[in-house]
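Here's a structure to pick apart together.

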Amino acid sequence: MPRSAHRSRPEATPYVDLTRAEWSALRAKTPLTLSAEEVEQLRGLGDVIDLDEVRDIYLPLSRLLNLYVGAANGLRGALNTFLGEQGSQSGTPFVIGVAGSVAVGKSTVARLLRALLSRWPEHPRVELVTTDGFLLPTRELQARGLISRKGFPESYDRRALTRFVADIKAGKDEVTAPVYSHLIYDIVPDEKLTVRRPDILIVEGLNVLQPALPGKDGRTRVGLADYFDFSVYVDARTEDIERWYLSRFRKLRRTAFQDPSSYFRRYTQVSEEESLDYARTMWRTVNKPNLVENIAPTRGRATLVVRKGPDHKVQRLSLRKL
């Protein structure tokens, strides 16, 4: 038997892997439309995104997404022509999901994409919604015994979240969502976010790529991710994310937690080491299990996986080609 017959075949994958340099080259001539000051305002606490990162990573992604939006509109037009419904689905929003662990930087990614995509003339109306607004209120979480599972899939009103995105996708003139406050760590009573027929909707959250659960009748239902036209998973090593999480907690303790209205103000009244013990416990008992059990397993459902190194800089990317 020839020696080559013993060689193992490379594992089949639906992704093409790209280095940072290879990805950056795909920017082509896409202009940089953000200033250093704007990037500073958009990045999250502890994130290190700068103009170089925007130029190398997020401009190529902006270009790719612009191509996707155009292709989706063309495909929709072809389908309408086939059905004899020309113009009936014009303006259907393009929906992007952004997923990843707490503290990995997905909120910054979502805000950057909103800013960059809104500057393309083809789709100036870009809205961003986080799934935090669909967390069950604290009182409800306590009643269900889920307060220690906050952020896990079962802590959200998944039906309301899916209906919200479905209504936007269907082209409803106005769709409202609850508002969550990280200051009070709860849903804000009587406050709503209104979304009015966007060109693009970005949905950012921990578990947005979760598949739909079967109904009580055992039948498969439509889930949130089924409405996505494109999805991004922000990835990093678990030990790096833990370090970023603790670093962010330290900074919040010196800033936002000082507010008298802050749910976490009590952690400014004890020593830094005591407060960090709490943060480590939260990571070990809530955030890490949620990442390992629920978030990371959805990585393979993403259109694009963005992999960060220990310094928060993107090192590699995997783009779904099949």
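Predicted model: local features only at pLDDT ≥ 70, side-chain atom pairs only at ≥ 80, totals over all residues.

**Labels and what backs them**

Q: Is Thr-298 buried or exposed, and how do you know?
A: Buried means under 20% relative accessible area, exposed over 50%, partly exposed in between (1.4 Å probe, protein chains only). Thr-298 has 3% relative accessibility, so it counts as buried. You'll find Thr-298 in the loop between helix 8 and strand 8; helices (H or I, at least four residues) and strands (E, at least two) are DSSP runs, numbered from the N terminus.

Q: Which residues does Thr-298 contact, leaving aside its neighbours within four places in sequence?
A: Thr-298 touches Leu-209, Gln-210 and Tyr-233, where contact means heavy atoms within 4.5 Å.

Q: What about Ala-225: buried or exposed?
A: Its relative accessibility is 16%, so Ala-225 counts as buried. Ala-225 lies in the loop between strand 6 (200–204) and strand 7 (230–235). Leaving aside neighbours within four places in sequence, Ala-225 is in contact with Val-208, Leu-209, Gln-210 and Arg-301.

Q: Why is the pair of Tyr-245 and Trp-283 called tilted?
A: First, the search of the whole structure finds 12 aromatic pairs. Rings of Phe, Tyr and Trp (its six-membered ring) pair if their centres lie within 6.5 Å; planes under 30 degrees apart count as stacked, over 60 as edge-to-face and the rest as tilted. For Tyr-245 and Trp-283 the centres are 5.6 Å apart and the planes sit at 40 degrees, so this pair is tilted. Tyr-245 is in helix 7 (residues 238–254) and Trp-283 in helix 8 (residues 272–295), so the pair ties together parts 38 residues apart in sequence.

Q: What makes Arg-149 a charge over the ring of Phe-152?
A: The test is NZ of Lys or CZ of Arg within 6 Å of the ring centre and within 35 degrees of the ring normal. Arg-149 lies over the face of Phe-152, 3.8 Å from the ring centre. Arg-266 does likewise over Tyr-263, at 4.8 Å.

Q: How do you know that strand 8 and strand 9 pair?
A: Two strands pair if DSSP finds at least two bridges between them. Strand 8 (residues 304–308) and strand 9 (residues 314–320) have five bridges, in the antiparallel sense.

Q: What makes strand 1 and strand 3 edge strands?
A: The open sheet of seven strands runs 1-9-8-7-2-6-3, with mixed pairing. Strand 1 (15–19) and strand 3 (126–130) each have a single partner strand, so one side of each is left without a neighbour in the sheet.

Conventions
Residues numbered from 1 in each chain as written. Heavy atoms only, no water.
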